[in-house]
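Please look over the sequence and the model before reading on.

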Amino acid sequence: MSTPENPPPTGGDEPGRGLSGVQRAGIVLGGLAVLLIVFVVLRGGDDSGSDSSSSSATTTASQSATTTAAQSTASTSTGETETGDDSGSETGSTSTSTSTSTPAVPASQTITVVNGQPQGGVKTVTFKKGDQAVLKVNSDTADEIHVHGYDLKKDVEKGGSVTFSFKATIEGRFEVELEDAGTQIANLEVTPS
């Protein structure tokens with residue numbers, strides 16, 4: 001019996017027989033990267049009017065797509081097979097990070113006490129109702145700081161500082177004082193939102 005000169009094809013790597021699994025995976029990942037880029041570009045800027053996060057996300061997504069395409073090309077040309085899903089999770093994390101926005105933390109209002117008196121006189125610190133109020137007192141005098149209306153009290157050491165962080169839920173104007181000395185150091189004003 002004679003053996004044929006050309007044995008029958010036994011796999012998908014023969015020319016003219018379609019794409020290999022690695023090539024298909026590269027095309028799918030490249031397509032997903034393109035869809036992600038289109039989504040980010042069409043989504044536009046965030047609610048604050050700044051679109052710096054959008055351009056940052058577009059750059060990140062473009063880099064991800066380039067990396068994914070390079071990995072697919074390298075795998076195809078060397079004949080290696082991909083194991084794991086690193087490039088897919090990279091694309092997914094880019095999408096997650098672009099949709100997450102953190103609210104801005106309100107600036108701290110600071111009162112400085114020098115020789116038992118508020119530096120620059122009694123000033124008014126204002127917050128809107130519903131805001132997170134942050135009030136810091138630096139003092140060269142040891143005493144108890146009392147925020148009236150909210151009935152918040154903290155001891156401050158000589159040369160130390162204390163910070164009050166609370167939800168501004170009560171509208172009005174309230175004294176902030178050195179409790180033991182009976183000295184007003186500020187007015188806390190909470191206005192309607």
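What percentage of the 193 residues of the protein count as buried? The share is 27%, where buried means under 20% relative accessible area, exposed means over 50%, and partly exposed lies in between (1.4 Å probe, protein chains only).

This is a predicted model, in which local features need pLDDT of at least 70 and side-chain atom pairs count only at pLDDT 80 or more, while totals for chains, interfaces and linings use all residues. Residues are numbered from 1 along each chain as its sequence is written, and side-chain values use heavy atoms, with hydrogens and water left out.

The protein has three helices and nine strands, which follow the pattern α-α-α-β-β-β-β-β-β-β-β-β along the sequence; helices (H or I, at least four residues) and strands (E, at least two) are DSSP runs, numbered from the N terminus.

Two of these elements are listed here.

| Element | Residues | Residue placed in the element |
|---|---|---|
| helix 1 | 21–43 | Val 28 |
| strand 1 | 109–114 | Val 114 |

Val 114 is partly exposed, since its relative accessible area is 35%. Leaving aside neighbours within four places in sequence, Val 114 is in contact (heavy atoms within 4.5 Å) with Gln 119 and Asp 140. The C-alpha atoms of Val 114 and Asp 140 are separated by 5.7 Å, although these residues stand 26 residues apart along the chain. Across the protein, 58% of the contacts with a separation of 6 or more are accounted for by residues 24 or more positions apart.
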